[in-house]
Amino acid sequence: MTATVLGQQKIARPNALRGAGKAAAIDTAVPALLVEGVTKRFVVGRKRKPVVAISNVSLRLERGDIVGILGANGSGKSTLIRLVSGLLTLDSGRVSVFGFDIERDELEVKRLINRVSVDAAFFKKLSPMENLLFAARLYGLDVAGAKREAVAILGRLGIGEKRVGRPIEQMSRGMQQKVAIARALLTSPALLLLDEPTTGLDPRSKLDVQTFIEELRETHDASIVLTTHDLDEAERLCDSITVLAGGRTVVEDTPAGLIAAEARRMGRPATLHDVFMTHTGRSLDDDVEEGEADDIE
Amino acid sequence: MTTFAHELKASYAFMERNFFLTRRYWGWEIAFLVYSVAGALSISLIGADQGSPRLLLLLMVGAIFWNYLSVVFSWIAETISVERWEGTLEYTMMAPIRRWSQLLGSVLYAMLYGLIHTAVILVVLILFFPQLDFTGANPLTVVAFMLLGSFSFVGIGMIAAILPLLYVERGAQMTFVLQSCLLLVSGVYYSIDILPGWMQVLSHLSPATYVLDGVRKGLIDGAPVTALLGDVWPLVVMGAVLIPFGLWAFGRAERYAKRTGKLKRVG
């Protein structure tokens with residue numbers, strides 16, 4: 001499938017990126033993320049054929065937009081996120097972030113992106129503040145400013161100042177996930193990769209995170225890639241949606257466009273769940289029951 | 001901020017984080033110190049039992065300075081395995097820093113930690129064996145060989161750190177194999193002269209052999225560094241070769257891990 005322009009170009013938002021160098025490095029005329037014909041295979045055994053995790057996938061994300069990646073477990077969502085993150089090498093194709101090639105301009109791309117994954121990965125014995133300061137130093141941020149910013153972000157996410165000094169292992173999973181989001185935001189990423197950020201959270205925490213994502217794109221000029229199993233979340237947050245199945249893009253459009261097309265096909269009102277069923281051949285509920293993770297992702 | 005300053009700041013981040021971890025695991029640190037002191041004492045007491053002050057010193061130096069080298073080695077070798085265990089490896093690999101700055105931070109903290117740890121053990125052993133006479137010792141020689149040896153062990157540690165990258169589940173344990181082989185051939189508790197010929201060849205390839213020889217001659221015989229150039233130049237060469245090689249090999253291993261998907265947390 002060739003690259004398709006998805007969603008509409010947003011009106012330019014105030015640039016809230018702190019690092020002057022970082023802001024200057026971004027060419028606003030180019031898409032935030034351009035994935036062109038990317039393929040990734042994994043060798044799973046000497047005598048077995050390689051597993052194709054991602055096959056000729058293309059994607060275009062305009063600055064300030066949110067693109068949702070939907071798909072069953074094993075469809076390649078997380079692999080795609082890892083490829084964009086530079087955590088996996090490409091077998092073929094090309095990925096660029098604000099015009100920077102992820103292989104040739106590795107460090108420039110790393111300065112522009114951050115990621116929140118389904119499992120909040122931290123040094124659990126350390127406090128949120130210690131973990132966040134570590135991240136701040138790695139991204140070259142001013143430590144005093146980062147401390148203030150960390151307290152502000154955590155406060156906005158419902159984590160009070162008195163909690164920031166205690167070990168993360170004493171926090172609930174929802175709280176840990178909020179700290180993970182704070183860590184990503186602290187570095188003011190121009191491209192934020194959210195890999196199932198609300199999976200496993202209680203309804204209140206999920207709502208907090210979703211609301212924060214909405215605020216984030218309004219105030220931080222961030223472009224976001226969101227993978228999720230929550231179709232309501234995708235419909236609420238995303239400007240466009242790409243559905244993956246077996247590592248391939250099977251359909252892509254705006255949420256409204258996908259639902260309208262499905263309604264025309266079915267001859268009755270449709271939902272995003274119907275769209276998912278039609279294009280992946282399975283219910284997302286069935287898929288979630290199989291397990292949160294899978295071998296390929 | 002210049003690129004170099006940014007990289008140094010990143011190195012400091014790893015030092016600071018490792019310090020935070022040490023502080024948070026203070027109970028384990030005390031237990032490890034007691035274990036190290038007990039181990040060094042047990043081995044040294046073999047010399048006391050033989051009634052030979054020289055044997056006592058030989059064993060004591062072996063026990064203490066092997067402890068230093070293995071502590072430095074372990075911290076560096078565990079750079080990857082600890083992050084894999086905690087699940088932070090992918091985040092660290094995504095940070096906009098060069099790999100050398102990560103390894104430099106780990107190395108500097110390892111050396112600092114090792115020096116403090118070893119100093120405590122040394123003090124305890126000196127207090128335990130008040131009859132030992134160190135008036136003729138040359139402390140400059142001891143420090144010089146510890147630093148020279150550290151550089152070589154840094155290179156070996158970097159190579160060992162690759163194992164958890166390549167072998168997701170048992171890579172950390174495989175570093176112990178490397179460590180025990182070094183212990184066997186480096187003359188830590190005995191002269192390498194008693195080893196079979198083929199093992200003596202391996203002894204000459206281990207930096208620990210030269211470190212221990214230099215430290216013993218400095219501490220027991222009071223020899224100056226200038227009199228021990230035969231031990232100095234192999235350490236300089238090994239450091240100069242092993243550190244760049246370790247960095248290169250680590251880069252290759254990282255590329256392999258990214259190609260095969262082995263950066264992902266397992267377990």
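# Spaces and contacts in a two-chain model

The largest cavity in this predicted model is lined by 14 residues, and A:F134, A:A135, A:R183, B:Y91 and B:T92 lie nearest its centre.

Me: What makes this space a cavity?

Reply: A 1.4 Å probe fits in a cavity but cannot get out. The search of the whole structure finds 2 cavities of 30 Å³ or more.

Me: Which elements give two or more residues to its lining?

Reply: They are α4 (128–138) of chain A and α4 of chain B. α4(A) gives the most, with 4 residues.

Me: How do you know what classes of residue line the largest cavity?

Reply: Each residue is sorted by its type. Phe and Ala count as nonpolar and Arg as charged, so A:F134 and A:A135 go to the nonpolar class and A:R183 to the charged class. Over the whole lining there are 8 nonpolar, 4 polar and 2 charged residues.

Me: What is the volume of the second largest cavity, and which residues line it?

Reply: Its volume is about 30 Å³. The lining is A:L33, A:L59, A:I69, A:L80, A:I81, A:V84 and A:V225. Helix α2 (residues 77–85) of chain A gives the most, with 3 residues.

Me: Why does the lining of the second largest cavity have no polar and no charged residues?

Reply: Read the names: they are Leu, Ile and Val. Those types count as nonpolar, therefore the tally is 7 nonpolar, no polar and no charged.

Me: Where is the largest pocket?

Reply: Look for B:E78, B:S81, B:V82, B:W85 and B:A172, which lie nearest its centre among 31 lining residues. In chain B, α1 (3–24), α2 (26–49), α3 (53–86), α5 (99–128) and α7 (171–185) each give two or more residues. The largest share, 11 residues, comes from α3(B). By class, the lining has 15 nonpolar, 9 polar and 7 charged residues.

Me: How do you know that chain B and chain A touch?

Reply: Contact needs heavy atoms within 4.5 Å. By that rule 37 residues of chain B are in contact with 40 residues of chain A, so the two chains touch.

Me: How much area do the two chains bury between them?

Reply: They bury about 3500 Å², 60% of it on carbon and sulfur atoms. B:R24, B:Y91 and B:M94 supply 24% of the area that chain B buries against chain A, more than any other three residues.

Me: Why is the pair B:K258 and A:E106 called a salt bridge?

Reply: The rule asks for a side-chain nitrogen of Lys or Arg within 4 Å of a carboxyl oxygen of Asp or Glu. For B:K258 and A:E106 the N to O distance is 3.4 Å, so the pair passes. Across this interface the rule finds 6 salt bridges. There are also 15 residue pairs in polar contact.

Me: What makes up the side of chain B that touches chain A?

Reply: α1, α3, α4 (89–94) and α10 (229–260) of chain B each give two or more residues. The largest share, 12 residues, comes from α1(B). This side divides into 16 nonpolar, 6 polar and 15 charged residues.

Methods: Residues are numbered from 1 along each chain as its sequence is written. Chains are lettered from A and ligands numbered from 1 in the order in which they are written. This is a predicted model: local features need pLDDT of at least 70, side-chain atom pairs count only at pLDDT 80 or more; totals for chains, interfaces and linings use all residues. Side-chain values use heavy atoms; hydrogens and water are left out. On a 1 Å grid over the protein atoms alone, a cavity is a set of points where a 1.4 Å probe fits but cannot get out, and a pocket is an open set with protein on both sides within 12 Å along at least five of seven lines; lining residues have an atom within 4 Å of a point. Buried area is the accessible area (1.4 Å probe) that two parts lose on being put together, summed over both. A polar contact is a pair of N or O atoms within 3.5 Å; within protein, one must be able to donate a hydrogen and the other to accept it, and residues adjacent in sequence count only if both atoms are side-chain atoms. Grid points are joined across faces, edges and corners, and a volume is the space filled by probe spheres set on the points.
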